[in-house]
Amino acid sequence: MNQSTELPIVRLKIERKSTHPWIFQKMVEKPEQKPRPGSIVDIVDATNHWVGRGFYNGHSRIALRVLTEDFEEAVDEAFFHRKIAEAVALRRELLKLDAVSDAWRVVHSEGDGLSGLVVDRYGDLLVVEFFSAGAFRHREWIYAALRAQFPGCRFYSFAEEHVQKQESFDFRAPDAPEPSVITEYGLKFRASPGSGHKTGFFADQRDNREYLSQLVKDKTVLDICCNSGGFAIYAKARGGASEVTGIDLDEEILEIAGKNAYLNNAKVKFVQSDLFPYLRDAAARGDAWDVVILDPAKLTRDREQVISALKKYNDMNKLAMSVVKPGGILLTCSCTGLVSEEDFLDMIRRAAFFAGRRAQILKVSGAGADHPYMAHVKESRYLKAVFCRIF
């Protein structure tokens with residue numbers, strides 16, 4: 001079936017020569033009758049060729065999100081069932097994630113061909129995040145497709161305020177659901193969506209937590225920006241570290257971290273502190289750890305702020321390196337998608353120089369394979385995780 005007779009047509013000012021799913025407002029002719037934000041439309045380029053079908057939003061910088069370039073493929077309820085079934089099959093059949101964890105990303109937006117939609121699974125709880133008016137508008141189709149894959153699941157849906165503003169839709173998130181206790185590599189964690197921390201648990205670092213746990217036996221570990229305690233608890237309960245400290249500025253998330261440590265019978269000292277004074281004081285006292293993890297929250301969403309974000313990463317990493325014992329390990333991470341891997345590695349080089357240290361890079365990693373990205377859509381790749389030895 002094709003939808004060309006039923007759907008509004010949106011024309012481009014240009015010839016479409018790219019396969020990137022985003023088409024920006026400046027490339028699009030204003031339709032005479034503006035479809036509502038999130039409507040499904042047919043897309044015709046300046047040469048009068050049909051080039052795709054997807055979500056239209058006249059209010060957003062990203063005017064069109066292309067979902068299919070196959071004229072015969074309708075974007076209907078069956079389309080969402082098919083795309084979500086394919087995404088789940090990748091995780092279950094190819095990656096075999098159920099053997100490792102019951103917490104994984106189900107849909108990774110453009111990486112799974114569903115621009116503007118992210119779905120995470122935490123046991124029986126599915127957390128659905130809308131990044132586009134199109135995904136939000138067709139949410140009932142999305143929920144039905146997810147229920148078909150996860151019978152009896154619970155939903156928690158939300159969209160961040162800045163997204164609602166950019167995409168021109170209103171969605172008040174429901175009350176936070178009961179937390180879900182998930183298992184990952186035999187360890188247990190509470191996932192608490194709606195707590196102001198998206199989920200209170202980040203499945204994207206699963207493989208990096210496991211890799212780090214192999215490097216910490218009988219070592220002292222400092223987990224900076226420890227969030228709900230993932231790295232710290234892995235280090236103690238799975239890695240056999242001798243002593244583990246986790247620091248974070250947020251009291252509420254540290255409460256969750258403490259509960260997670262208790263669930264795993266892991267003795268971790270959690271400290272509420274801003275990382276800058278904490279690390280300066282530690283360095284002044286001559287305190288140092290065998291293994292240091294630095295995993296701060298996203299620093300910017302604004303391209304204009306990338307330089308200042310890199311400066312802040314530099315300051316953080318310089319301080320983190322100052323408390324790593326000679327020959328010790330630093331795992332430093334960035335989830336700021338606008339900061340490229342190349343720029344992040346260059347920042348590590350500069351931070352080491354200013355700290356008077358040398359960094360030997362052992363491994364450059366990212367999010368787990370349940371966060372795939374298309375080769376032509378590098379925006380889906382956001383997480384950088386760099387394992388170094390510091391001398």
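**Strand pairing and helix packing in the predicted model**

Within β14, Phe 270 is the bridge partner of Gly 246. This pairing belongs to a predicted model, in which strand β13 (residues 243–248) and strand β14 (residues 269–272) run parallel and are joined by 4 bridges. Together with helix α7 (residues 251–263), β13 and β14 make a β-α-β unit that is right-handed. Helix α7 lies across both β13 and β14, and its direction is at about 175 degrees to that of β14.

The two strands of this unit are part of an open sheet of 7 strands with mixed pairing, arranged in the order β14-β13-β12-β15-β16-β18-β17. At its edges stand β14 and β17 (359–365), each of which pairs on one side only.

On the α9 side, the contact involves Leu 310, Tyr 313, Asn 314, Asn 317, Lys 318 and Met 321. These residues meet Asp 343, Phe 344, Met 347, Ile 348, Arg 350, Ala 351, Ala 352, Phe 354 and Ala 355 of α10. Divided by class, the contact of α9 with α10 comprises 10 nonpolar, 2 polar and 3 charged residues.

A further helix pair is formed by α5 (residues 206–213) and α6 (residues 230–238), whose axes come within 9 Å and cross at roughly 40 degrees. Helices α5 and α6 are therefore oblique to each other, and their crossing is right-handed. Helix α5 contributes Arg 206, Asn 208, Arg 209, Glu 210, Leu 212 and Ser 213 to the contact, while α6 contributes Gly 230, Phe 231, Tyr 234 and Arg 238. In the contact of α5 with α6, 3 residues are nonpolar, 3 are polar and 4 are charged.

Another open sheet consists of 5 strands in the order β1-β3-β4-β5-β2, again with mixed pairing. Strands β1 (9–11) and β2 (22–24) stand at the edges with a single partner strand each, so one side of each has no neighbour in the sheet. The twist from one strand to the next averages 40 degrees. Within β3, Asp 42 is the bridge partner of Ile 9. In a regular strand, side chains alternate between the two faces of the sheet.

Key
Residues are numbered from 1 along each chain as its sequence is written. This is a predicted model: local features need pLDDT of at least 70, side-chain atom pairs count only at pLDDT 80 or more; totals for chains, interfaces and linings use all residues. Side-chain values use heavy atoms; hydrogens and water are left out. Axes are lines fitted to C-alpha atoms, for helices over the stretch in contact, and angles run from 0 to 180 degrees between N-to-C directions. Angles under 35 degrees count as roughly parallel, over 145 as roughly antiparallel, 65 to 115 as roughly perpendicular and the rest as oblique. A crossing is left-handed if the near helix is turned anticlockwise from the far one by less than a right angle, and right-handed if clockwise. Contact means heavy atoms within 4.5 Å. Ala, Val, Leu, Ile, Met, Phe, Trp, Tyr, Cys and Pro count as nonpolar, Asp, Glu, Lys and Arg as charged, and the others, Gly among them, as polar. Two strands pair if DSSP finds at least two bridges between them. A crossover is right-handed if, with the strands pointing away from the viewer, the path from the first strand over the helix to the second runs clockwise.
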